[in-house]
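The sequence and the coordinates are shown first.

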Amino acid sequence: MKEIIISPSILSADFMELEKEITAVKNAGVKWIHIDVMDGHFVPNISIGVPVVKSVRKKTDMFLDTHLMIENPEKYIEPFAKAGADLITFHLEASENYGTENLISLVKSFGKKVGISIKPKTKPEELFPYLDKIDLVLVMTVEPGFGGQEFMHDCAMKIPSIKEHSPEDLIIQVDGGINNLTAKVCTSLGANSLVAGSYIYGSDDYEKAILSLK
Ligand code: DX5
Ligand code: ZN
């Protein structure tokens with residue numbers, strides 16, 4: 001069986017200790033970190049921006065999994081790519097103006113991996129035309145905007161049909177309310193990447209929390 005990719009969300013980390021917080025999950029064997037970018041429009045919260053990604057990039061060789069919860073992602077793909085993001089995931093619901101195909105091409109033009117995310121109310125079928133053109137699908141299992149919310153089981157039920165329509169190597173990631181129990185629900189349905197923020201960074205033993213997700 002293929003390895004499950006764990007992507008700790010630094011949204012729940014202590015920002016005053018960000019370097020330590022990132023090194024701690026790396027030392028626990030993790031290769032990815034998840035960076036939640038929020039603009040206060042697409043979601044009702046503001047979080048991390050380009051300068052933080054740039055600073056993080058200087059200090060770590062971990063894979064920077066960048067989740068853009070923003071309107072008009074076309075305006076910010078180049079800055080995030082140049083800041084050092086490795087994967088840029090935009091929301092399908094934010095792709096109307098520029099067009100989904102164009103957003104995919106734009107991310108790829110910077111030599112980056114590309115992902116598309118869907119919010120809880122978006123149907124999985126809407127992703128089908130793009131599944132063979134991208135590297136990752138991100139299924140939100142909470143309404144995007146905040147860490148620490150409760151996992152929505154209905155959203156995880158989208159995974160099997162996405163998997164059925166996906167090429168073998170597509171990464172299917174889930175984000176929101178992931179803990180040791182909900183992780184198993186998602187991986188048994190076909191997810192192979194788990195984002196976890198409060199479960200890891202809210203625990204007193206990051207390594208133990210990470211191992212319990214696998
Ligand atoms: C929510 C973000 C998540 C968040 C997950 O909008 O996209 O990545 O950090 O947090 P937890 O794991 O606490 O639900
Ligand atoms: Zn996220």
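## Ligand surroundings

A backbone N or O atom of G148 is found 2.8 Å from an oxygen atom of ligand 1, which qualifies as a polar contact (a pair of N or O atoms within 3.5 Å; within protein, one must be able to donate a hydrogen and the other to accept it, and residues adjacent in sequence count only if both atoms are side-chain atoms). The model is a predicted one, in which local features need pLDDT of at least 70 and side-chain atom pairs count only at pLDDT 80 or more, while totals for chains, interfaces and linings use all residues. Residues are numbered from 1 along each chain as its sequence is written, chains are lettered from A and ligands numbered from 1 in the order in which they are written, and side-chain values use heavy atoms, with hydrogens and water left out.

Ligand 1 has 20 residues around it, of which D36, G145, D175, G197 and S198 come nearest; a residue is counted here if one of its heavy atoms lies within 4 Å of the ligand.

| Residue atom | Ligand atom | Distance |
|---|---|---|
| G197, polar backbone atom | oxygen of ligand 1 | 2.8 Å |
| S198, polar side-chain atom | oxygen of ligand 1 | 2.5 Å |

## Helix α4

G111, which follows α4, has a positive phi near 75°.

## The α3–β4 loop

A85 is located in the loop between α3 and β4 and is buried, at 0% relative accessibility. Beyond its neighbours within four places in sequence, A85 is in contact (heavy atoms within 4.5 Å) with V53, L64, T66, F80 and K112.

## Aromatic rings

The whole structure holds 2 aromatic pairs, a pair having ring centres within 6.5 Å, with planes under 30 degrees apart counted as stacked, over 60 as edge-to-face and the rest as tilted. The rings of Y201 and Y206 lie with centres 5.1 Å apart and planes at 80°, so this pair is edge-to-face. Y201 is buried at 7% relative accessible area, and Y206 is buried at 17%.

Methods:
Phe/Tyr/Trp six-rings, centres within 6.5 Å; stacked < 30°, edge-to-face > 60°. Buried < 20%, exposed > 50% of the residue type's maximum accessible area, 1.4 Å probe, protein only. Helix = DSSP H or I, 4+ residues; strand = E, 2+ residues; numbered from the N terminus.
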